[in-house]
Amino acid sequence: AEPVLTISGLNVDYGTDAHAVHALRDIDLTLHRGEVLGLAGESGSGKSTLAYAVTRLLSPPGVITGGAVHYHRPGGDRVDILSLEADQLRAFRWQELSIVFQGAMNSLNPVHTVHSQLTDVLAAHRPELRKRQRTSRAQELLSLVGISADRLAAYPHQLSGGMRQRVMIAMALALEPEIVIMDEPTTALDVVMQRQILRRLVRLREQLNFSVVFITHDISLLIEFSDRIAIMYGGRIVEEAGAAEIYRDPRHPYSDGLLHSFPALHGPRRELTGIPGSPPHLSAMPTGCAFHPRCGKAFEPCAGQVPVLAPPTDGPGRAVACHLHT
Ligand code: SF4
Ligand code: MG
């Protein structure tokens, strides 16, 4: 499939002085048209920072210190996201790329109805639509996320958390963006609701053909709903492969540890071992492979050399950053 978003060599620091810490290093990642790309990793691994950097929502002390991010329009135009001016950026967001953050449901305006919030987005970006058309589009959007049109008149407090989060997803889809980035979009909801929303989103993706970057610390949700998964640790991508491939045959010891921290989806039960220790602080990143203090397989080069993300020796189509595989 063709790329819709390419990230290359992206570096992000927090701070600019001698105390600056590396939040993201050497991120290379491609999102293809129509796919769900899952980003996994413990908190502090850089997942959200990556979402903020790519959407130009990173605020100080976060600063992009290198690399490039390109959006590829359906016609073939390439947009350099990192050099968009403020007005171009406003048009770009919502229309070509939109974002749903964790707890987005709390960003609905409590004193406006769902109707007025949905139609405001449409009025701001689609001035050619008449009032009637905006209302019918708002109804259509609600039904896309499984909410009946009579809830248009509701105020946010009259809706459940799950419904409010679905309204935010409807808003994100209002202008038919090519890319939807979801950072822990369902984390605040119960498990049944999380699955319902994600199932619906994946179905919508098939209908509308947008691409999704799905970020969550819940690797079982990622395996279930993503086509491909990138696993982050200490600000780097340490493994990238198809979701089924990573589930069956993780190559990076950290991926293996993550997969053994939740019960098997199907098949034989497996031992839940988890990962000893805790993720590193940005200000005290271990040398070499940042995972080495927690890795049961660490050997001679691990503390000294940063492993490069590359296809493992036995084949292409996936990539891993670990000295065991070079
Ligand atoms: Fe473990 Fe070394 Fe591989 Fe890092 S590079 S995951 S420390 S074996
Ligand atoms: Mg986060």
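The chain has 326 residues, and a compact globule of that length would have a radius of gyration near 20 Å; the value here is 21 Å, which agrees. The radius is taken over C-alpha atoms, and the globule rule is 2.2 Å times the number of residues to the power 0.38. This is a predicted model: local features need pLDDT of at least 70, side-chain atom pairs count only at pLDDT 80 or more, and totals for chains, interfaces and linings use all residues. Residues are numbered from 1 along each chain as its sequence is written, while chains are lettered from A and ligands numbered from 1 in the order in which they are written.

Along the principal axes, the C-alpha atoms fill a box of roughly 70 × 50 × 35 Å. The chain holds nine helices and 11 strands. These are DSSP runs numbered from the N terminus: helices are H or I with at least four residues, strands E with at least two. Of contacts between residues at least 6 apart in sequence, 62% join residues at least 24 apart. A contact requires C-beta atoms, placed from the backbone, within 7 Å.

Buried residues make up 40% of the 326. A residue is buried if 20 or more other C-beta atoms lie within 10 Å of its own, exposed if 12 or fewer, and partly exposed in between, with C-beta atoms placed from the backbone. K131 is exposed because 10 other C-beta atoms lie within 10 Å. K131 belongs to helix 4 (residues 131-144). From K131 to S261 the C-alpha distance is 51 Å, across 130 residues of sequence.

The largest nonpolar core has 88 residues. Such a core is a set of buried Ala, Val, Leu, Ile, Met, Phe, Trp, Tyr and Cys residues joined through C-beta atoms within 7 Å. V100, L118, A170, F214 and I231 touch the most other members. Helix 5 (residues 161-173) gives the most to this core, with eight residues. Leaving aside residues up to four places away in sequence, F214 touches V36, L37, G38, M182, L222, F225 and S226.

Strand 6 (residues 97-100) is covered on both faces. L97 and I99 are buried on one side, S98 and V100 on the other. Strand 6 pairs with strand 7 (residues 179-183) in the parallel sense, over four bridges. Pairing requires at least two DSSP bridges. S98 has V180 of strand 7 as its bridge partner.

Ligand 1 is surrounded by 13 residues, the closest being C289, H292, C295, C302 and C322. Here the C-beta atom, placed from the backbone, must lie within 6 Å of the ligand.

Conventions: Two residues are in contact if their C-beta atoms, placed from the backbone, lie within 7 Å.
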